[in-house]
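Please keep the sequence and the structure in view while reading.

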Amino acid sequence: MTSESKSAIILLSGGLDSMVSAAIAAEQGYRLIALTVDYNQRHKIELQSAEKIASKLDVAEHIVLPLDLSRFGGSALTADIDVPKSGVTDHIPVTYVPARNLIFLSLTLGLAEARQARDIFIGVNALDYSGYPDCRPEFIEGFERLADLATKAGDQGSGFNIRTPLQFMTKADIAKEAARLKIDAAWSWSCYDPAPGGVHCGLCDSCRLRQKGFEEAGLADPTRYAA
């Protein structure tokens, strides 16, 4: 069976990385089924971006799943904790959401098995990122092994592939990839702490990494920043 006849589950947050990852899956001929998790995040505006991206990429099915992680808290994205604005650091920041990618990949795995899909795309990368442990290659490899142990499909020998096409790309590489794929980066949302008027704050880690990527790629940044 070729990719042209297969479905892939796309974890679509609405961010630049998830958008590029989804576009790569589309380029490879997969029929796209997107999962967006509404986890009551501070930057819920990214859900609007996910809807727009799904429409632009002709996603066959887009599920927006409510999962209120603010009940857990423990992160500046899900609790009343200030989002840092002083620059990217070399330690895990308070914007880390406990076990977020583990939780989200578990949900995509359930959807994949229900839809008889065996490929899951997630836009993690391990170069220009904020040090989150659930973006590391070791985590992805471990989850792929776990997926085969935890599912009927895996037990029957039909395993799952966790596709991470951006794993070893810099933000500049990702910006260039968006340009190559002819998708508009303005569809996506990165900011953790949206400014009034629905613009990026320009100062949080995610905004700084986004700006840095376009600058190093030598590409115009279509993002509207407050600062």
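## Basis of the description

A residue is called buried when its relative accessible area is under 20%, and exposed when that area is over 50%. The model is predicted, and the values below should be read with that in mind.

## The sheet and its order

The strands S3-S2-S1-S4-S5, in that order, make up an open sheet of five strands with parallel pairing. Because strand S3 (61–66) and strand S5 (161–163) each have a single partner strand, they stand at the edges, and one side of each is left without a neighbour in the sheet. On average, and with direction ignored, neighbouring strands of this sheet are turned by 25 degrees against each other.

Helix H3 (residues 100–114) packs on the sheet, where it touches S1, S2, S3, strand S4 (119–121) and S5, and its direction makes about 140 degrees with that of S2.

## Strand S1 and its partners

Strand S1 (residues 7–11) pairs with strand S2 (residues 31–38) in the parallel sense over five bridges, and within this pairing Ile 9 has Ile 33 of S2 as its bridge partner. Towards S4, which runs parallel to S1, there are three bridges, and here Ile 10 stands opposite Phe 121.

S1 is mostly covered, since five of its five residues are buried. In a regular strand the side chains alternate between the two faces of the sheet. In S1, Ser 7, Ile 9 and Leu 11 point one way while Ala 8 and Ile 10 point the other way, and all of them are buried. From S1 the chain crosses through helix H1 (residues 16–27) to S2, in a β-α-β crossover that is right-handed.

## Aromatic pairs

How many aromatic pairs does a search of the whole structure find? The search finds four, and two of these are described here. Tyr 30 and Phe 121 form an edge-to-face pair, with 5.4 Å centre to centre and 70 degrees between the planes. Because Tyr 30 lies in the loop between H1 and S2 whereas Phe 121 lies in strand S4, this pair ties together parts that are 91 residues apart in sequence. Tyr 30 has a relative accessible area of 10% and is therefore buried, and Phe 121, with a relative accessible area of 2%, is likewise buried.

Phe 139 and Phe 143 form a tilted pair, with 6.4 Å centre to centre and 45 degrees between the planes. Both residues lie in helix H4 (residues 137–150), four residues apart, which is about one turn of the helix. Phe 139 counts as buried at 17% relative accessibility, and Phe 143 is buried with a relative accessible area of 3%.

## Asn 125 and its surroundings

Asn 125 is found in the loop between S4 and H4, and with a relative accessible area of 3% this residue is buried. Its side chain is joined to that of Asp 17 by a polar contact of 3.2 Å, and the side chain of Asn 125 also reaches the backbone nitrogen of Leu 127 at 3.4 Å.

Which residues are in contact with Asn 125 once its neighbours within four places in sequence are left aside? They are Asp 17, Cys 135, Leu 166, Gln 167, Met 169, Lys 171 and Ile 174.

Conventions. Residues are numbered from 1 along each chain as its sequence is written. This is a predicted model: local features need pLDDT of at least 70, side-chain atom pairs count only at pLDDT 80 or more; totals for chains, interfaces and linings use all residues. Side-chain values use heavy atoms; hydrogens and water are left out. Two strands pair if DSSP finds at least two bridges between them. Helices (H or I, at least four residues) and strands (E, at least two) are DSSP runs, numbered from the N terminus. Axes are lines fitted to C-alpha atoms, for helices over the stretch in contact, and angles run from 0 to 180 degrees between N-to-C directions. Contact means heavy atoms within 4.5 Å. Buried means under 20% relative accessible area, exposed over 50%, partly exposed in between (1.4 Å probe, protein chains only). A crossover is right-handed if, with the strands pointing away from the viewer, the path from the first strand over the helix to the second runs clockwise. Rings of Phe, Tyr and Trp (its six-membered ring) pair if their centres lie within 6.5 Å; planes under 30 degrees apart count as stacked, over 60 as edge-to-face and the rest as tilted. A polar contact is a pair of N or O atoms within 3.5 Å; within protein, one must be able to donate a hydrogen and the other to accept it, and residues adjacent in sequence count only if both atoms are side-chain atoms.
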